[in-house]
Structure formats: structure tokens, C-alpha cells
Amino acid sequence: MGTRPLTWVSRHVAWKLDPYLLALTRGRLGMGMALPTALLETRGARSGQRRRNGVIYFHDGENVIIVPSKAGMPTHPGWFHNLRANPDVVFGMQPFRANVVEDQDERQRLWKLADNIFPPYATYRTRAARTGRTIPIVQLTPR
């Protein structure tokens, strides 16, 4: 997944199809194949319109962790800007509150867990750092 051709396929095909496939199958099937993916619903920061995106996730106790990596591109994904503006989100058809993890020790702990779920995150962090971007980590807490 960390290679450029697979990143291109992911960005231009999988990311576009995943929200529809996850919604159609009620989260049972997504483009993530063996990866844990689910549908994240946010509200547009400016429009207020519902936005749906498939995201990779993992559990940390009762919380869900998602990473707005955008494959290490120079900008954050749109859904990240949306959840910062409107932190009440729906994830896997359940209501959550989104918080960006700021504590560096907690970030390091969560990165270790994230890398176990999806090893290309390490490549994405390096790629993002070259452009001056730090990839955030988002904690979803049940409402």
C-alpha cells in the first residue's frame, strides 16, 4: 500500500468507491479488504451537508481511533477539516464525538498501535513530514 502505484489506485479508485460500498452493504464490505474499515459521516465545515468517507480504524478501549493520513499527501483530507468544525460524527452508524489527540506520549502510543494495523502509516508519516505536515490522530468517543 505504501508504493506510489498502489497509493494512486487507493486515492483515485478505492477512496471514491468505499463510501458507496460501505453505505450499500451497511458496513459489511469495503475497499479495505482485510483492513478494518467503516463509514465515517461528518458535516461539511461550510455547507453543513452530510459527507461520507470510508476510513481505516482500530479500537482503543471503548474509543475508536482514525488517522487522517491521506497517504502522506501535503494536505489533510476534507473529512478531517469537517470533523474539526463539527466534532459530532457518525461512525459505523453510531454517534461519536471526535477529538484530535495532542499529547505527544499518547500520540506515540497510538502510532505503535496504528502501525500494527496498517504498516504503511510509517511511510505516510515520512512522506507528510517532507512537506511539513504532521499527520493527526483522531479519537472518537461514544456519545
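Predicted model: local features only at pLDDT ≥ 70, side-chain atom pairs only at ≥ 80, totals over all residues.
**Exercise 1. A residue in a helix**

Is Arg-107 buried or exposed?

*Solution.* Start with the secondary structure: Arg-107 belongs to helix H3. Next, look at its accessibility. The relative accessible area of Arg-107 is 9%, and buried means under 20%, so Arg-107 is buried.

Now look for its partners. If you set aside neighbours within four places in sequence, Arg-107 is in contact with Val-101, Glu-102, Thr-134, Ile-135, Pro-136 and Ile-137.

For a second residue of helix H3, turn to Lys-112. Its relative accessibility is 60%, so Lys-112 counts as exposed.

**Exercise 2. The overall layout**

Work through the chain from its N terminus: how many helices and strands does it have, and in what order do the elements run?

*Solution.* Count the elements to begin with: there are 4 helices and 6 strands in the protein chain. Then put them in order, starting at the N terminus: α-β-β-β-α-β-β-α-α-β.

Of the 143 residues in the protein chain, 41% are buried. Among contacts with a separation of 6 or more, 63% join residues 24 or more positions apart.

**Exercise 3. Two helices in contact**

Describe how helices H3 and H4 pack: at what angle do they meet, and which residues make the contact?

*Solution.* Take the geometry as your starting point. Helix H3 spans residues 104-117 and helix H4 spans residues 121-130; they pack at an angle of about 120°, and their axes are 8 Å apart. An angle of 65 to 115 degrees would count as roughly perpendicular, and one over 145 as roughly antiparallel. H3 and H4 are therefore oblique to each other.

Now go to the residues. H3 contributes Trp-111, Ala-114 and Asp-115, while H4 contributes Tyr-121, Ala-122 and Arg-125. Sorted by class, this contact has 4 nonpolar residues, 2 charged residues and no polar ones.

Finally, zoom in on Trp-111. Arg-125 lies over the face of Trp-111, 4.1 Å from the ring centre. Trp-111 also belongs to a cluster that ring pairs form with Phe-118, Tyr-121 and Tyr-124.

**Exercise 4. Rings that meet**

How many aromatic pairs are there? Classify the pair of Tyr-57 and Phe-91, then follow Phe-91 to another ring.

*Solution.* The count comes to 6 aromatic pairs. To describe a pair, you need the distance of the ring centres and the angle of the planes. For Tyr-57 and Phe-91, the centres are 5.2 Å apart and the planes stand at 80°, so this pair is edge-to-face.

Where do the two residues sit? Tyr-57 is in strand S2 (residues 50-60) and Phe-91 is in strand S4 (residues 88-91), so the pair links distant parts of the chain, 34 residues apart. Tyr-57 is buried, at 19% relative accessible area, and Phe-91 is buried too, at 5%.

From Phe-91, step across to Phe-96. Their ring centres are 5.9 Å apart and their planes are at 85°, so this pair is edge-to-face. Phe-96 is buried, as is Phe-91.

**Exercise 5. Positive phi values**

What is the phi of Ala-71?

*Solution.* Here is the background: most residues other than glycine have a negative phi. Ala-71, which is not a glycine, has a positive phi of about 55°. Met-93 also has a positive phi, near 70°.

Ala-71 is in the loop between strand S3 (63-66) and helix H2 (78-85). Met-93 is in the loop between S4 and strand S5 (94-100).

Last, check accessibility. Ala-71 is buried, with a relative accessible area of 3%, whereas Met-93 counts as exposed at 55%.

**Exercise 6. A residue in a strand**

Which residues does Thr-42 touch, not counting those up to four places away in sequence?

*Solution.* Begin in strand S1 (residues 37-43), where Thr-42 lies. Its relative accessible area is 2%, so Thr-42 is buried. The residues it touches are Gln-49, Arg-50, Arg-51, Trp-79, Asn-82, Leu-83 and Val-89.

Methods. Residues numbered from 1 in each chain as written. Heavy atoms only, no water. Axes fitted to C-alpha atoms, helices over the stretch in contact; angles between N-to-C directions. Parallel < 35°, antiparallel > 145°, perpendicular 65-115°, else oblique. Contact = heavy atoms within 4.5 Å. Nonpolar A, V, L, I, M, F, W, Y, C, P; charged D, E, K, R; others polar. Phe/Tyr/Trp six-rings, centres within 6.5 Å; stacked < 30°, edge-to-face > 60°. Buried < 20%, exposed > 50% of the residue type's maximum accessible area, 1.4 Å probe, protein only. Lys NZ or Arg CZ within 6 Å of the ring centre and 35° of its normal.
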